[in-house]
Every structure is written in structure tokens, then in C-alpha cells.
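Colleague: I want to learn how to read aromatic pairs. Please take me through one case.

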Amino acid sequence: MWGFRPKLLLICLTVLLVPLAMFGAHACFGPCADLRNAGAITLIAEKEEARPAAFIWSATRIESGLLLRGSVPTEEDRRIVLGMVKAHFPDLQVEDRIKIVDDAPPQEQWLGAVSFSLKQLTYLKRGSVRLLNAGLKVDGEARSAADYAEAKKALTGPLPTGLTIMAENIRPPIAKPFVFVADLGVNALSLSGSVPSEGSRKQLRELSRQLFARPGLDDRLEVASGAPKGWDEAVAVALKALSRLESGKIALSGVAVSIEGVAPDKGTAVAVSYQLKRDLPALFSTSESIKWKEASVPGAPSDLSAQMIPRIKALARTAGQLPKEALPPLVSSPETE
């Protein structure tokens, strides 16, 4: 009866101990765990050592000074870089904090990237260029609208061998006040002043062609920062108001909008003023100086009855004879004066 008990005990121990042994092999408590963790840390450290460190160089422009930081491959390269800096920025005070570090990219490729980077920095009033191995980051405010256009063109054009653009954040110069003018003449519409972006400039040109039946469009707009909130909407409203005049001009200076010109009639003049005040964003204020053409000018040749009746009455009083006093004069028109 008890002969089967050793076998039963053996089976029970096997069921209990095998999973525990498997769990212990994976969990590895105590000294075993320390060894495993040490091995993992060593492996991570070896991978970090095997990964090449980024070769970093940067130049930062702040008003009248230039700060150089990062690494150069050799002392000779340091002198070459300083020579480039002097050529690009002869009037700036230079603070040199660069260090000589091995494991640089190929010399000619790296120096070409530095030269290109410094050229982009010449377009900025304040900002920085940063090289990470063969990748370039540019950030800052352009000195002028022309410099902004040149920098944008250079960064989207051909680059030195091996160089890539990692990030670009060049902002147009700030315009204070932010001024826009549209002048409507007999044969052309002239646009001048500032626009917030090339996209806004394109939209204004397209809107102008839709609104104005003029053969010429003179675009002298420049991209700038500093446009007030709602600027695009305000300009569109102002241009629509100007399109109802025979000639005139609109001007936006900050949030102040002014319109002047000549309307075909009084009703149009009143409607244009009302439309401008109604449709502009709430932030903007308006001033209007709109004249209109009279429907008829008293005494003009077209109003013959007003001129002839007084003369006929004067002749009637003298039975057809010329009166002793002079006849009432004809009222001259503006064209005959």
C-alpha cells in the first residue's frame, strides 16, 4: 500500500523544482545578478566608445562681435579659419574659443563647409551657424530684405561637397512701422512697402490682377517681419475698396489704414468708406479722403436752358430791340475757363 509513495514524492518534487530552477536562471538574484548587470553596462560603454563623437564648430554674431566655438582639426586649420573670418567680417571683434581636436572630417570638405557657413552669417544682423560633422544649422535675423533673399537662395542652391542642411530658421528683418502702399494710376497699379512672406506677396499680386483692369502692375514689395495680426485680411479689404475708385491710394502703417482718391459718384464714395470701416479687422483704424465727380456742373454747355432763358427774357422786355444794358453773360464751363 505504501510502496508507491517514494515515486509520488519524486513526481511532486520534480513539478515544484523544475519551474523554480528555470525562473532562477532568468531572474539571477544575488551575485549572479551583479555579474549580469556589470556585463550589460560594459557592453553599453563599449558601444558608446565605438560611436564617433560629433565634430562641432560654430560661429555666433551678436551686434558688433563674433564668437567662435567648437573644434578644428589642426593649428594650421585654425589659422585658415581665422583668416576666413577676417575676410568676411573685417570690422567685427572676434572672440576665439575653438580647440584642436582629432578625428575631424576630411580637411578640404570641412574647410569648404566652414567657408560656406561664414558666408551665410554675413547675411544676418544677429544669429549663428553651426556645423555638426557635415551638417549645417543656420538661425538668425537677416540684415535686410535683399540679404534675406540671398540667404534663402544660397541654402536652396548648390552646396559644397558633402554638406547638408540640417535646419534653417532665417527670419526677415523687422519693419517698424510695417508699411504697405498701393497707388492706383491711369495705366498701372503700384505696390510698395513690406509683406510678411513671399507667399503673401504672391497672393497680393494675384488679387491685384483680379481686382484691377490695368495693363501694368509695378511690384516693389520687400519681405519683412513685424506685420500686425490680421494684416493679410486688412490689405485685401483695402485693395477691394481701392478697386472701386477711378484713381487713388491706400496706405497701411501698422494698424492705421488710410484711403484717398476719386470715385465716379457720391454714392460710390460713401459706399467705399462704409465698406472699409465695416470689413477691416477690429484692430485696424481708418481715415478717408474720397472725392467724387459731379453728375452735372451748373452753367456747363450741356445745360443750355440755364444760360439762354435769362437772355431771352431780357430781349422780350425790349420788344426784340437790344436793351441798353448788357445782356446777362453766358456762364462759362470749367473747360472754357
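Colleague: Is Trp231 buried or exposed?

Modeller: Buried means under 20% relative accessible area, exposed over 50%, and partly exposed in between (1.4 Å probe, protein chains only). Trp231 has 2% relative accessibility, so Trp231 counts as buried. A caution first: this is a predicted model, where local features need pLDDT of at least 70, side-chain atom pairs count only at pLDDT 80 or more, and totals for chains, interfaces and linings use all residues. Residues are numbered from 1 along each chain as its sequence is written, and side-chain values use heavy atoms, with hydrogens and water left out.

Colleague: How many aromatic pairs does the rule count?

Modeller: A pair of aromatic rings is described by the distance of the centres and the angle of the planes. Rings of Phe, Tyr and Trp (its six-membered ring) pair if their centres lie within 6.5 Å; planes under 30 degrees apart count as stacked, over 60 as edge-to-face and the rest as tilted. The count here is 3 aromatic pairs. In one of them, the centres of Phe178 and Trp231 are 5.5 Å apart with planes at 85 degrees, so the pair is edge-to-face.

Colleague: Where do Phe178 and Trp231 lie?

Modeller: Helices (H or I, at least four residues) and strands (E, at least two) are DSSP runs, numbered from the N terminus. Phe178 sits in the loop between strand 6 (164-171) and strand 7 (179-184), and Trp231 in helix 7 (residues 231-242), so the pair ties together parts 53 residues apart in sequence. Phe178 is buried, at 2% relative accessible area.

Colleague: What is the geometry of the pair formed by Phe180 and Trp231?

Modeller: Edge-to-face: 5.8 Å centre to centre, 90 degrees between the planes. Phe178, Phe180 and Trp231 form one aromatic cluster.
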